[in-house]
Amino acid sequence: MRTVRKALSAVRWYARELTGEAEYDRYCESHRRHHPYAPVPTRREYEVLRTRRREEQPEGRCC
Amino acid sequence: MPASAMPESGSKAPEKSRMSPKSVAIWTTVALAGALGWAVLALSRGEEISAVWLVVAALGSYAIAYRFYSRFLARRVLQVDDTRATPAERLEDGVDYHPTDKRVLFGHHFAAIAGAGPLVGPVLAAQMGYLPGTIWIVAGVIFAGAVQDMIVLFLSMRRDGKSLGQMARDEIGKVGGAAALIGVFAIMIILLAVLAMVVVNALAESAWGTFSVTMTIPIALFMGFYMRYLRPGRVVETSLIGVALLLLAILGGGWIQDSSLAEYFVWSPETLVFCLVGYGFVASVLPVWMLLAPRDYLSTFMKVGTIALMAVGVVIAAPNLKAESVTDFASTGAGPVFAGSLFPFLFITIACGALSGFHALVSSGTTPKLIQKESQVRMIGYGSMLTESFVAVMALIAACVLEPGLFYAMNSPAALLGPTVDTASEAVKNLGFTITPDQLTAAAKAVEEETLVGRSGGAPTLAVGMSEIFAGVFGGAGMKAFWYHFAIMFEALFILTTVDAGTRVGRFMLQDMLGNVWKPIGRVTWKPGIWITSALVVGAWGYFLYAGVTDPLGGIKQLFPLFGIANQLLAAVALAVTTTVLIKSGKLRWAWVTGIPLAWDVAVTFTAGWQKIFSDNPAIGFFALRDKYAQAIEDGQLLPGATDMDDMHTIVLNNTVDGVIMAIFLLLVLTVLVNCAVVCVRAVRAAGPLPTTEVPYIESRIDVPEQPAEPLVGARS
């Protein structure tokens, strides 16, 4: 049971990292570290920023 | 992140390491297993062998190559240094640059390089038997493809993630740089056209396939809105919903096929071309969050899932290979799928999977900006490419488990096969294989398609092979139709993602280039500029797509060689740039590492290109074929393949265009090569290493243990 739970959380961790879902958490963490008194952007605001970035720098997909 | 960690981890100068007896024993076993696989492949003559031997041979070789050759490359040739800070560390901004866990980055990089290429090429190359294809896929990746990916990744990493084009300009000069830039753009257009053609050939006249692939657009839009407005940023959850909807769409396609709605989804190839072109334009102009990003997530999940499923399927089902190990077409060059003999045409047909120039663009794009430690280029660059090569081996297996008769009935050009199963059966018999009309009808019925005759392009063949393998493991013969359409959907999804992203990348490149001439068009926020450049890019690949789809002689047969040569020429550019940089930085004695693959690749591409332009044989040479049909038009004759004079004129026009494009590609790459050679000679004559644009050493302050025990920040939120 414990190994199953461990494996599932590893899969979840990997999927979140791979898709960039975990980026927000990392961003908040570093934001709090560098600007301890500034409010952290909400998830919604952060995602808008993130897609705008993606807009400007298209990533090629290969054949 | 332990920012205060002591900066003294990682390898120092390469010291002689002694292997423990245990690891000697393990690696001897791996080597023996691989050798046994190859021995079975080499020694079997005439009898059917199990596909498992191919897998064993490939995996054994990959393991040895990764353990020894990639380590040699990292330690001796590149001299990776884990005490040196990577751009991800030095320039960390949490946006473009941030150190990423190597397992995650491996996934990223693999998802970016793997697509439909390694699935299509090996299927077509099965025309020459499974042995030549397998040898090239495995040897090519070990000594050329993975080496290129790894070294380009390394060099770009040492230059803060510069693109291949920029590196060419900085390290070689303006002329070579410009030629490389134009070459990359032109080659991308052909790539998009050929990939789109694979989709058209897979979906034409198939209600099931067309319905389920069309449904991916509303699914992606739904995901986009869900992620933006309902649950911002919940990518994993959204992707799981998307995958579930996708599977429903595949099931729904079967239902549509049997209902009265079917006729609305049976589209002609020409209609599909216009839909794809329209779709490509819209996808390039819409905000990424709506269509492109969600589709990309969907495609990544499907990619990883299906490839894992395929590996399990091949090993459990352990199908026998029905194809011959080496067919006569390898030496005669008279094969119906693609013309020309083994050298050079096998090596341009199997491009991705063995050596793919396009990977150099990915390896010098986002990945180098995310690497934590220099030594990780080995796993990310070399390892990802080995994985892609394994995908190619599985695709080859899927094609070779089919009866050869069925393979040729599906992949020969329509002009050869004729309109019915009877004519197709006869045509296959003339090629020296047998399949009865009843068998052809039964094979189509098993996957619930109208017909399988003349379904060239690789995707349908792979889908039939995959359905054969999967049905043997999951669900039996009754599931064959589902698995067939699953495979078609999965390939179409890949390709449409490449078309979306490629059109967008092409648009940015074009804006960049045209911006030098007329400023406003270079602005990425000026709407008319976006529309004009998008339309130009879409129009360019759309033209080749339309020409290919309506080509009376079969677009795949005509354009696939152009695609393969283009891809391998791009690899030549990448290998030439890397060789030059190695020589410039005083590593002449290791220049053979990329120099030998470069010499081989130049020999292959220039021989193939030369034959495509100058061969007198109309089956191979574009201009020879053009002259033959032009002569016939003057004489007022109709030649085989053409049903009227318009067809004759189309053939003449297409071959002229293809021949001219081929010549332009060769000239562009020749410019780069000559420029590189000049720089290399200068570097060899110079007393010391020439200046390069490598960023100077800065000591790393992060410490990354071999395998992080704790997940990165954010895993437990």
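Reading from the N terminus, its elements go α-α-α. Keep in mind that this is a predicted model, with ipTM 0.93 and pTM 0.93.

**Chain A on its own**

- Chain A has a radius of gyration of 16 Å, whereas a compact globule of 63 residues would come in near 11 Å.
- Along the principal axes, the C-alpha atoms of chain A take up a box of roughly 45 × 40 × 20 Å.
- Of the 63 residues in chain A, 27% are buried.

**Where chain A meets chain B**

- On the chain A side, 30 residues are in contact with 47 residues of chain B.
- Three elements of chain A each give two or more residues to that side: α1 (2-19), α2 (23-34) and α3 (43-56).
- The largest share comes from α3(A), which puts in 8 residues.
- Sorted by class, the side of chain A that touches chain B has 15 charged, 10 nonpolar and 5 polar residues.

**The annotated domain in chain B**

- UniProt, in an unreviewed entry, puts the feature "domain: CstA N-terminal" at residues 50-608 of chain B.
- That span, residues 50-608 of chain B, is 73% helix and 0% strand.

**Nonpolar cores**

- The largest nonpolar core counts 242 residues, and B:A193, B:A196 and B:A409 have the most contacts inside it.
- Take B:A196: setting aside neighbours within four places in sequence, B:A196 is in contact with B:L276, B:I495, B:V499, B:W541 and B:L545.
- There's also a second, separate core of 5 residues, with B:A207, B:F211, B:I256 and B:F265 among them.

- The average pLDDT of chain B is 91, and 96% of its residues score at least 70.
- Residues 1-13 of chain B are below 50 in pLDDT, though the stretch has 18 contacts in the model beyond near neighbours in sequence.
- Residues 707-717 of chain B also stay under 50 in pLDDT, and here the model has 14 contacts beyond four places in sequence.

Methods:
Residues numbered from 1 in each chain as written. Chains lettered and ligands numbered in written order. Predicted model: local features only at pLDDT ≥ 70, side-chain atom pairs only at ≥ 80, totals over all residues. UniProt positions renumbered as here; feature names shortened; annotations may be inferred. Helix = DSSP H or I, 4+ residues; strand = E, 2+ residues; numbered from the N terminus. Rg over C-alpha atoms; globule rule 2.2 N^0.38 Å. Buried ≥ 20, exposed ≤ 12 C-beta atoms within 10 Å, placed from the backbone. Contact = placed C-beta atoms within 7 Å. Nonpolar A, V, L, I, M, F, W, Y, C, P; charged D, E, K, R; others polar. Core = buried A, V, L, I, M, F, W, Y, C linked by C-beta atoms within 7 Å. pLDDT = per-residue confidence, 0-100.
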